[in-house]
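Hi there,

Here is the structure I promised to pass on to you.

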Amino acid sequence: MAQSKEMTSGPSLPLILNFTLPLLMGNLLQQTYSLVDAAIVGKFLGIHSLAAVGASTSVIFLILGFCNGCCGGFGIPVAQKFGARDYVTMRRYVVVSLKLAGVISLFLAVTTSLLCAFILCTMQTPENIFSEAYSYLLITFIGIPCTFYYNLLSSIIRALGDSKTPFWFLLFATVLNILLDVICIIFFGWGVAGAAVATVFSQGLSAILCYRYMYRKFEILQTTPSDRRFRFDLARQLLGIGVPMGLQFSITAIGSIMLQSANNALGTACVAAFTAAIRVKMVFLCALESLGMAMATYCGQNYGAGRPERILMGIKSATILALSYAAAVAALIWSFSEPFILLFIDPSEVEVIEKAVLYLHVNISFFSLLGMLCILRYSIQGAGYTTLAMFSGVAEMIARILAGVVAVPLWGFLGVCFGDPLAWLFACLFLFPAFTYVYRRLREIVGKERQ
């Protein structure tokens with residue numbers, strides 16, 4: 001049987017680090033999807049096809065970010081009940097979340113597919129890449145249920161303290177995705193549509209395998225007929241936590257869409273540079289995102305166990321890890337940014353390479369801000385205050401809109417480069433006092449329960 005793991009006792013730093021590492025490997029594998037797609041598309045299909053894949057990056061983040069946020073939110077009550085050792089309610093949360101996922105993902109898939117062309121027109125997608133961008137975006141939207149279920153199942157397993165199992169299924173899916181990329185793009189000649197098909201199919205198969213494993217190997221998830229009933233009270237609680245988390249990602253993405261629309265208007269070279277650079281940035285961002293996800297589970301379990309003092313201890317440990325990582329990555333990228341970009345861009349595309357390197361240098365220099373954003377936001381969410389955390393997304397949205405409306409017209413692509421760092425700063429200015437408030441509330445609640 002697979003083993004669940006509590007993080008409610010023992011030194012926080014090794015617990016968080018050990019839980020983060022499998023998450024990091026999994027996130028890196030997810031980014032490998034994007035890297036392989038972009039590398040094969042850029043090298044075999046050319047700059048225009050690479051720009052087509054990247055033209056809708058922010059829209060994909062808007063929709064899939066909402067899905068992933070909901071999935072993470074659905075896992076929080078599971079982690080809290082696991083920490084409290086209330087396994088009956090925990091199982092019922094799992095059952096209800098799986099049913100909600102079916103309804104939400106199907107609705108999103110149908111709605112976004114119908115609006116696909118409208119979205120690309122609104123984003124000022126250049127005409128010479130519109131057709132390919134439409135194919136890539138449409139297939140990605142059709143595959144939303146595959147992405148939703150994989151992320152939900154992974155979130156549930158992580159809530160039980162197991163961050164390793166989702167990694168192995170994702171490893172399988174990544175290898176399959178690489179093989180399908182080669183087959184669909186190079187041998188079948190499906191172009192950028194082939195890259196989207198490969199990713200959706202791989203994630204769907206990974207979700208199926210993850211589901212079968214979860215119910216066969218985790219004894220505490222074995223349900224009774226009573227557990228399998230749909231419970232509206234639990235559904236409301238799950239939606240109350242999951243939807244704000246999803247909206248936080250979507251609100252953040254609205255600002256990204258505004259910023260990317262401004263970048264799209266600068267021409268194909270800027271779109272291609274942004275596409276290549278953001279793929280590299282996302283690889284290095286994975287560690288901070290994984291650390292944040294670990295903190296959500298850590299805080300959820302310790303909140304459920306009535307131990308708020310361990311949450312603050314975890315914040316301090318995670319901050320040490322994040323700042324150390326940010327310094328190391330900054331040194332690496334400033335030294336080797338061009339070789340990373342050349343993985344996607346032909347050396348003859350001098351203008352594109354220069355712009356992509358500039359984007360990396362600016363963004364990586366502010367990773368310490370991003371680290372604190374991930375730690376504080378996910379910790380607040382893990383404690384159940386997802387609506388409060390959502391407002392950090394509003395702060396990010398405002399910053400990116402300001403960059404798109406003011407900075408890009410003034411400074412061109414340099415304004416695009418500073419869009420994300422400005423958003424991270426705005427979010428952190430909100431999150432520091434927000435976490436202080438949440439921590440005080442947790443101590444008050446636990447104090448009353450102990451009296």
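Below is what turned up on aromatic pairs and nonpolar cores.

Please keep in mind that this is a predicted model.

Let me start with the rings. The structure contains nine aromatic pairs. One of them joins Phe 230 and Phe 232 in an edge-to-face arrangement, with 5.0 Å between the centres and 80° between the planes. Phe 230 is partly exposed, at 30% relative accessible area, while Phe 232 reaches 60% and counts as exposed.

Another pair, Tyr 359 with Phe 413, is tilted: the centres are 6.5 Å apart and the planes make an angle of 45°. Tyr 359 belongs to helix H13 (residues 350-364) and Phe 413 to helix H16 (residues 413-417), so this pair ties together parts that lie 54 residues apart in sequence. Both of these residues, Tyr 359 and Phe 413, are buried. Ring pairs also bring in Phe 274, which forms a cluster with Tyr 359 and Phe 413.

Now for the cores. The largest nonpolar core has 70 residues, and the members that touch the most others are Ile 341, Tyr 359, Phe 367 and Ile 380. Helix H11 (residues 268-304) contributes the most to this core, with 18 residues. Apart from this core lies another one of 55 residues, including Val 59, Leu 98, Leu 137 and Leu 160.

What is Ile 380 in contact with, leaving aside its neighbours within four places in sequence? The list is Tyr 385, Ala 389, Leu 431, Ala 434, Phe 435 and Val 438.

Enjoy exploring it!

Best wishes

Methods. Residues numbered from 1 in each chain as written. Predicted model: local features only at pLDDT ≥ 70, side-chain atom pairs only at ≥ 80, totals over all residues. Heavy atoms only, no water. Phe/Tyr/Trp six-rings, centres within 6.5 Å; stacked < 30°, edge-to-face > 60°. Buried < 20%, exposed > 50% of the residue type's maximum accessible area, 1.4 Å probe, protein only. Helix = DSSP H or I, 4+ residues; strand = E, 2+ residues; numbered from the N terminus. Core = buried A, V, L, I, M, F, W, Y, C linked by side-chain atoms within 4.5 Å. Contact = heavy atoms within 4.5 Å.
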